[in-house]
Amino acid sequence: MSVDPYMRGRMNDRKSYVPPFGLGEPLEGGAIGEVVASNADGFAEGDVVLHGLGWREYAVVPAMHAQKVDADGIPESAFLGVLGMPGLTAYVGLLDIAELREGDVVFVSGAAGAVGSLVGQIARERGNYVVGSAGSQQKVDYILDELGFDAAFDYHDGSISERLRHAAPNGIDIYFDNVGGEQFEAAIGALHQHGRIALCGAISSYNNDEKAAVPLIVAIGKRLTMRGFIVRDHGDRREAFLNEVGPWVREGRVKYRETIVDGGVEAAPQAFIDLLRGANTGKMVVRF
Ligand code: NDP
């Protein structure tokens with residue numbers, strides 16, 4: 001099963017695009033399972049399916065909410081990460097929301113994570129210059145050496161604005177925001193006029209309620225476009241995403257890592273907490 005940053009938002013009792021988790025009720029979320037019994041057409045015992053009732057060992061899943069997984073040599077868990085919801089988020093956010101164009105310089109935060117690592121590689125595959133940030137030197141090495149970004153830095157390492165200026169001396173055209181806060185502000189400083197921001201996530205603020213200060217005046221002066229998006233509105237792009245990114249993953253042109261925690265549902269809460277602290281590189285999943 002997947003543990004994902006958005007689950008943190010479902011633990012707050014406030015109105016959002018998904019309802020809060022219910023007190024005393026099991027949590028839910030993306031999972032890969034094996035069919036043990038089915039009366040539905042098209043599903044047989046032993047089939048592997050992607051569904052939304054994680055955080056438990058067994059589930060009764062309506063057939064319309066299960067998708068058969070055709071892994072074809074790729075580990076099934078990839079359908080929770082690089083070829084699943086986070087992968088589609090990267091694809092839609094970069095191509096449809098930020099409208100990646102030839103020659104754009106792209107900066108993505110959370111670049112060693114499930115979404116960010118694919119954002120950078122899609123941009124790289126399209127020939128764009130890509131800068132990534134992450135929370136440790138090991139992650140920076142991974143981004144540069146394995147993922148093939150052009151530049152990367154650890155956001156704990158001094159002034160973020162300076163690090164970004166060093167990595168992209170001529171400024172940036174697109175900021176793919178996974179974290180918000182100081183990195184968002186630094187990105188506004190580095191963006192060119194008419195730059196674009198894909199507002200994907202704001203993980204730096206998920207565990208505190210303080211409002212991030214936003215240098216909006218600068219954003220206005222630069223005529224920036226900022227566009228928020230929620231991946232569930234873009235299911236129509238799944239086929240194009242899998243057709244384009246699937247072969248890159250199979251051929252090894254796009255690389256991905258997973259951080260796999262064993263121990264089933266009992267290990268899942270700690271895995272989720274560790275995700276929010278940056279213990280993962282690539283997609284964090286829990287194996288049952
Ligand atoms: P990741 O695999 O990137 O895991 C989360 C990472 O966030 C951690 O590994 C950690 O990496 C980083 N992080 C934690 N705290 C901070 C902090 N204070 N400042 C900066 N980075 C921090 O998760 P995903 O790829 O699944 O998700 C990335 C973002 O995309 C999240 O904000 C998520 O909510 C969002 N999202 C949005 C969707 C949408 O539809 N709009 C859909 C899916 C995801 P590090 O060590 O580098 O700090």
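**Close-up views of a predicted model**

**View 1. Phe107, Phe153 and Tyr175 form one aromatic cluster.** Rings of Phe, Tyr and Trp (its six-membered ring) pair if their centres lie within 6.5 Å, and planes under 30 degrees apart count as stacked, over 60 as edge-to-face and the rest as tilted. This is a predicted model, in which local features need pLDDT of at least 70, side-chain atom pairs count only at pLDDT 80 or more, and totals for chains, interfaces and linings use all residues. Residues are numbered from 1 along each chain as its sequence is written, and side-chain values use heavy atoms, without hydrogens and water.

**View 2. A tilted aromatic pair joins Tyr91 and Phe241.** The search of the whole structure finds four aromatic pairs. Tyr91 is buried (under 20% relative accessible area; exposed is over 50%, partly exposed in between; 1.4 Å probe, protein chains only), with a value of 4%. Phe241, at 1%, is also buried.

**View 3. Phe176 and Phe229 form an edge-to-face pair.** Their ring centres lie 6.3 Å apart, with 75° between the planes. Both Phe176 and Phe229 are buried.

View 4. For Val115, a backbone N or O atom is 2.8 Å from a ligand oxygen atom, and for Asn178 the distance is 2.8 Å.

Definitions and conventions:
A polar contact is a pair of N or O atoms within 3.5 Å; within protein, one must be able to donate a hydrogen and the other to accept it, and residues adjacent in sequence count only if both atoms are side-chain atoms.
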